[in-house]
Amino acid sequence: MADLEDMVRELVIALDGARKVACLTGAGCSAESGVPTFRDAGGLWRGRDPMSLATPGAFAAEPELVWQFYDFRRATLEGCLPNPGHRALAELEGRVPEFLLATQNVDRLHQAAGSKRIVELHGDIWTLRCSARCGHEAEDRRTGIPGPPPCPDCGEPLRPGVVWFGEGLPPGAMEGAQRAAGTCQVFLVVGTSSVVYPAAGLADLAAARGARVFEINPRPASRVAGIRVLAGPAGEILPRVLAGLRARQ
Ligand code: BJW
Ligand code: ZN
């Protein structure tokens with residue numbers, strides 16, 4: 001097996017020669033910012049599996065509980081800053097002619113690091129929208145509210161602007177990500193367990209269309225055939241890759 005140094009070099013060379021690069025990130029990309037992941041150890045909240053709270057059914061049955069789960073996560077995020085992995089991806093965007101970052105993260109830390117060409121596949125935790133779909137949707141950074149506040153337009157409860165299981169992704173998000181994955185030369189899979197679809201299918205699409213696919217994760221999880229693995233934390237590996245790119249350009 002190639003050692004990590006060889007894999008970093010291989011990725012640097014692939015990126016250096018690429019015109020089109022796409023990247024899928026997941027919760028592991030924010031782990032070094034202090035944001036808990038979903039499926040690593042310690043992922044229980046008040047005795048519940050976070051996955052059991054990320055559904056429309058849970059919100060309908062126990063709106064206060066689900067609201068408090070998201071309020072707790074918003075409050076946790078207030079103290080979190082982008083890490084060197086986020087910053088390296090923002091720099092990579094500026095070094096590649098065509099780049100797209102498709103993130104499953106709802107924390108906005110990629111944007112805080114300076115990423116611009118970004119698609120939020122699972123929405124954004126800092127936006128609230130009307131649960132009755134009256135059309136109200138607005139950024140709202142308040143925390144510490146005990147239950148869902150009423151929609152200012154229709155009075156129905158507001159909900160976090162994220163995508164729960166069984167819900168469709170934001171209009172156009174998957175189409176944009178698929179276009180990028182299906183036409184890129186290099187596809188990066190960073191910090192995701194690759195179990196949630198349709199996001200996880202982007203790496204398969206990229207590989208099927210001939211992209212070289214690289215995964216950065218201390219516990220690699222992708223099942224894409226032929227994937228090249230850089231086993232380690234994104235906040236350490238991505239800056240090494242960018243340093244390698246800088247040295248060549
Ligand atoms: C590090 C690290 C470090 C640690 N550096 N790495 C096809 C097949 C089977 C099922 C389906 C399918 N298509 C659709 C489905 C159903 C479902 C699904 O995928 N289910 C599977 C779980 C079985 N998908 C959906 O329902 C989606 N909607 C949909 O398909 O709509 C169409 C439709 C509608 C109606 C009917 C039918 C179809 C929506 C999915 C929405 C997911 N939402 C969540 C919650 C978002 C809100 C919130 O934040 O609470 O999104 S679930 C949760 O999982 C969250 C994440 O974005 C997502 C992915 O998790 P992620 O990011 O991979 O995190 P982890 O914790 O799993 O992994 C972390 C990784 O980081 C690990 O590998 C670590 O090793 C690594 N790591 N430290 C790098 N320092
Ligand atoms: Zn409303």
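Modeller: Helices of at least four residues and strands of at least two are DSSP runs, numbered from the N terminus. The model shown here is predicted. In this model, helix H2 (28-31) and helix H5 (63-78) each supply at least two residues of the shell around ligand 1.

Biologist: Which residues come nearest to ligand 1?

Modeller: A residue counts as near if one of its heavy atoms lies within 4 Å. There are 36 residues around ligand 1, of which Tyr70, Arg73, Gly166, Thr192 and Ser193 come nearest. By class, the shell around ligand 1 holds 19 nonpolar, eleven polar and six charged residues.

Biologist: What polar contacts does ligand 1 have with serine 193, valine 163 and glutamine 104?

Modeller: A polar contact is a pair of N or O atoms within 3.5 Å. For serine 193, an N or O atom of the side chain is 2.5 Å from an oxygen atom of ligand 1. Valine 163 takes part through a backbone N or O atom, 2.9 Å from a nitrogen atom of the ligand. Glutamine 104 has a polar backbone atom 3.0 Å from an oxygen atom of ligand 1. The protein buries 75% of the 1,500 Å² that ligand 1 exposes when taken alone.

Biologist: Which residues coordinate the zinc ion (ligand 2)?

Modeller: The SG atoms of Cys130, Cys134, Cys151 and Cys154 coordinate the zinc ion at 2.3 Å. Along the chain, these donors follow the spacing C-x3-C-x16-C-x2-C. Cysteine 134 lies in the loop between strand S4 (123-130) and strand S5 (137-139), and cysteine 151 in the loop between S5 and strand S6 (158-162), so this pair ties together parts that are 17 residues apart in sequence.

Biologist: Why is the arrangement around the zinc ion (ligand 2) called tetrahedral?

Modeller: Four donors count as tetrahedral if all angles lie between 85 and 135 degrees. Around the zinc ion (ligand 2), the four donor atoms subtend angles of 100 to 118°, and the arrangement is therefore tetrahedral.

Biologist: Is cysteine 151 buried or exposed?

Modeller: Buried means under 20% relative accessible area, exposed over 50%, and partly exposed in between. Cysteine 151 counts as buried because its relative accessibility is 4%. Cysteine 134, with a relative accessible area of 38%, is partly exposed.

Biologist: Where is serine 222 placed?

Modeller: Serine 222 is in the loop between strand S8 (212-216) and strand S9 (228-230). At 15% relative accessibility, serine 222 counts as buried. Its side chain reaches the backbone nitrogen of valine 224 at 3.2 Å.

Conventions. Residues are numbered from 1 along each chain as its sequence is written. Chains are lettered from A and ligands numbered from 1 in the order in which they are written. This is a predicted model: local features need pLDDT of at least 70, side-chain atom pairs count only at pLDDT 80 or more; totals for chains, interfaces and linings use all residues. Side-chain values use heavy atoms; hydrogens and water are left out. Donors are N, O and S atoms within 2.8 Å of the metal (3.2 Å for Na, K and Ca); water is not among the atoms, so sites may look incomplete. Four donors count as tetrahedral if all angles lie between 85 and 135 degrees; four count as square planar and six as octahedral if opposite donors are over 155 degrees apart and all others between 65 and 115; anything else is irregular. Buried means under 20% relative accessible area, exposed over 50%, partly exposed in between (1.4 Å probe, protein chains only). A polar contact is a pair of N or O atoms within 3.5 Å; within protein, one must be able to donate a hydrogen and the other to accept it, and residues adjacent in sequence count only if both atoms are side-chain atoms. Accessible areas come from the Shrake-Rupley method with a 1.4 Å probe; for residues, only the protein chains shown count as cover. Ala, Val, Leu, Ile, Met, Phe, Trp, Tyr, Cys and Pro count as nonpolar, Asp, Glu, Lys and Arg as charged, and the others, Gly among them, as polar.
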